[in-house]
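Please open the model in your viewer and keep the sequence panel beside it. The tour below goes from one selection to the next and says what to look for at each stop.

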Amino acid sequence: MRFKVTHRTAYEYAEPVAVSHHVVRLEPRATSCQVREQFAMNILPEPAIRRIRTDYFGNSVCFFTLQELHRDMEVVAESIVNVRLEMPPAPALSAPWERAVEEFRDPVSPDVVDPYQFVFDSLLVRANPELADYARESFAKNTPLLECVLDLNERIYKDFKYDPKATIVSTPMEEVLEKRRGVCQDFAHLGIACLRSMGLPARYVSGYLRTKPPEGKPRLVGADASHAWFAVYCPELGWVDFDPTNNLMPGEEHITVAYGRDFNDVSPVGGIITGGGEHEVKVSVDVEPI
Amino acid sequence: MSDLLKSNRPTAEPWLLEQYRQSIKGYDELLSPDGTMRPQYTGLIGDLTRLGRFDLKHRYDVARRIVHEQGITYNVYGDNRGMERPWQLDSVPFMISSEEWRGMETALIQRATLINQILGDCYGQQELIRSGWLPPALVFAQPDFLRPCHGVHPPHDTFLHLYAADLARSPDGRWWVISDRTQIPTGAGYALANRLVTSRVLPESFRDCQVQRLAGFFRELQTSLAQLASRRTDNPRVVLLTPGPYNETYFEQGYLARYLGYSMVEGQDLTVRDNRVFLKTLSGLEPVDVILRRVDDDFCDPLELRSDSMLGVPGLAEAFRAGNVAVANSLGSGLLQSPAFMAFLPGLCRHVLGEDLKMPSVATWWCGQKKAEDYVLQNMDRLFIKPAFRSHLKGTNPERGMTDSERAELRRRIAIQPHLFVAQERVQLSTAPVWNGERLEPSPVTLRVYLVATESGYKVMPGGLVRVASGLERRFVTMQKGGSSKDAWVLSEQPVDGVSLLHTVGQEVELRRVGNNLPSRLADNFFWLGRYCERADSSARLLRSALNRFNPESTGSTLPVLMPVLNTLIEQGQLQAPTSETKLTAEALEADLLAAIFDAKRPGSLRGIADHLQRLATMLRDRTSNDVWRVLSELDDRLTLPTTAPVVLAGDAIGVLNQTVLGLAAFNGLARENMTKAQGWRFIDIGLRIERAIYLCTLLRNVLQSDDADNPSVLEAVLEVADSTITYRSRYNLLPHIAAVFDLLILDDTNPRSLIFQLSQLQKHFDRLPFEQQSAQLSPGERLLLECSTRVRLMDPAQLAELESDWGEGEVAQLLTDVLEVLPRISEAIAVSYFAHSRIARAGGVGRRS
């Protein structure tokens, strides 16, 4: 499927901003089943500095600086992405989870150095015994890894209520665990933490999800949102994605933008402003099948 | 005297070393196992013995005095009042022979070179990981591996510009590295300070022993940092980035900045524009080429590194990656500080440098490897277990053994995340002679050494910082509390060039004339220094005047006379406004006045103001003289009542107030005499003038609002507070008269205490400020000021004489009210034009999350 994705972020400041620096990760990356056909990013006012680089995880990052007094700023990223439907691997065919754990126990082969780094704690996702206990229920002895993860994915979906008001970007995972509520970011982090607590590499994926309007209703432009899910590393199959918010394994309706150890590595739009007082951010995302 | 003492001593065992030998347990730096003195010490010990006990005691006193006078301190965290601890120094130097030093030098250069190459690989190709020489987890699991810095190419491929290592001598006499400092190698400044004090206290020995000098090392550092500049300029700007005055080594940072000639800046003094770093100064932005950082690397950029950092500079990481600014040590250098690396250095050294590691590290087991983990779990009580990476985790307590529950807890944690723990052999330290007040005794020591990267490889500072453990308990290295330090003398085989850099350091003229490039934040600090000094002065005068007139026996009649003074204090928030419930009794008032002086918790109390001053003085330490520093510290000391103080009497308080007023006069004199024409002084004076005008107007308005405005006793008090009694008497041979007093205090431009004088001074300062000179139009601040002084000049005080009461309703009172409204706006206008360090804020942009 082809999609045109428009991601618009607009800031309004109460007082003029003298200088602001931003880091954005909005350019969808190429994956085994996704081709980015076009990408353009417009920034208003025009930044004095604009540099694009590839970060440690291979995501495209744009750094830009506005250094003339400004009271508002807008970033519009438009991409055309072609997602090829690739049937998710059959979970039953994966090797038992213990083998994957064994693979990442010392001594670890230099061949799996890349996934290995996703076993460890990161800023927002720390393994803890409580999470290991929660995860263990899904990991019966000698069960294929992906079956375990699929079960975990479903348990997160069922045990946690989707509630956009319950958390903010910086809500710690302990609180999510206690409240049993959150949004995609929280559920993705939760899944990652559970897997890491078991000794398995897991990463955070940021992107978009096509939303379908209710039967007979027109599609609302700009009503979509950023989405996030997680992926587990399976020694024979490589990285396999899971979406705990929707209790499924992503197919052709998930568009990948970036991945990293947690949200902090892939935050779509971030910045530090000097001055500005109170500020207001408006974000709209539109995922249009074309 | 010393001859007398000496003659009583048997020559065989000098008095200095009585009981020394009996206390030795392991390797001793002074005596060999057979009791003979090691050759590097003979000259020194001979000198000290000849000096005699009395002289030596005296020299220790001198050392303490120099430390106090130079304000050499070490901040102790979590200790608010008295946070600054005087630096502890034992004047008997630690001696190292030139032969031994040569071997150490070679080994240390090898180690620094190796560490630098490992850093380069981790932040580059990562060959060492792929080829199995470095366990991947050691790098990837570390919070100190800064991924945004991966792929940078710092100038000359140097990641480690300054390196320090802590060394200990094992019982067999070999030196071991017990820790590597790659993040921020602290202490070189303290080593320099120690050298300054020690060489002054023992000048004869310093000369005779042929001690290698430290100055060359710092010159190498200067040269090497200057060469990092990417701009083609003869005069690259290097700044020292400090986390601020609450950092434990803040003194050292200022000391080094002064010594090396660098501006000491905080994160908010810098800004990134056009992908380059600039220093915000009064006259605009000035490019910065090199940052010598004392801020941990992950705190250096809130945009890309730790987002909760308030110490960094947004955009710095990108400017650094672009090669537009050099940072020493490189962002990311903290990675190699993990003790876990020590376990792999021997193999890495053979692989990377093709030679054996010349100086061993303390035996180290990193639990990230299964074999090591098993070994550690089997030897838990014998080893010293600690976090492998920077973290909140706890290891074993170095002071005592583990309880069963502690051991079980640690075992559990290691099992869950073994890679977070490392274990090391407990170190038995060698001992060196330390003066105990009567004679020398052996105490455990470690030696911190410093290296700098130069074009021709690493250079070692010939000396170092010796830290002395408190007490003879020496199974482990603990230096945090109560430890002392020493200078290390590396001897030379040839006579050392007689020109000691340290003499010039000692006599360094620290009063500086600062030019237009004064960083904006410092201008802000100077401004508030001026305001708080004047606030302290005015408050002290008001309080003194109140206490002087206050007499418990005559409350009834004196109180009305005091009311304008008391109301002024109330208006400034220093006294509590009497409510309907609290009757103004003499006792209550007296207690309230004393609280307004001594109670640090009361807002606006004199003591509170003095605390503010002390803080400001700390932040301006590298821009003001030692005398200014001393005057302001003494101010705070005087107002600090000992916790065990008996009841304070009004008479004592008046004494304290008198001294406070004198101290502030000394400050003003020093500021004026020592800082004339510099921007720093200008901002102090602007602050002072504004504050003085505010106090004066408040007092005069309170006089006009009282029913006794024309009462000579009231006016007398006003003249006294405004320090104009003598001037008044010299002009008018009569009792204070309202019109004459107001004329003198408002309009007389020859009276340095008058309102118009303050306004004229402000006008003069405005004319010389950089921005005001650039524009033909009046700035907002200047406009306000001009309007204000014109109105004041047009005022006619004679009308006050015509009124019999209701002075508060007259034009003069109205004018004072208006001036009081304008003054804060002038202050604000200055702040906007010159201090504008707007707060930075995080602008997230996630929007709705599905």
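This is a predicted model: local features need pLDDT of at least 70, side-chain atom pairs count only at pLDDT 80 or more; totals for chains, interfaces and linings use all residues.

As background for every stop, most peptide bonds are trans, and most residues other than glycine have a negative phi.

Begin in chain A by selecting A:Leu44 together with A:Pro45, where the peptide bond that joins the two is cis, with omega near -10°.

B:Asn329 belongs to the loop between strand S12 (326-328) and helix H12 (345-353) of chain B.

From there, select B:Gln210, which is not a glycine and yet has a positive phi, near 55°. This residue sits in the loop that links helix H8 (203-208) with helix H9 (215-226) of chain B.

Is B:Gln210 buried, partly exposed or exposed? With 16 other C-beta atoms within 10 Å, B:Gln210 counts as partly exposed.

Finish at B:Asn275, another residue other than glycine with a positive phi, in this case near 65°. Its place is in the loop between strand S8 (270-273) and strand S9 (276-281) of chain B. B:Asn275 has 20 other C-beta atoms within 10 Å, and because a residue is buried if that number is 20 or more, B:Asn275 is classed as buried.

Conventions
Residues are numbered from 1 along each chain as its sequence is written. Chains are lettered from A and ligands numbered from 1 in the order in which they are written. Helices (H or I, at least four residues) and strands (E, at least two) are DSSP runs, numbered from the N terminus. A residue is buried if 20 or more other C-beta atoms lie within 10 Å of its own, exposed if 12 or fewer, and partly exposed in between; C-beta atoms are placed from the backbone.
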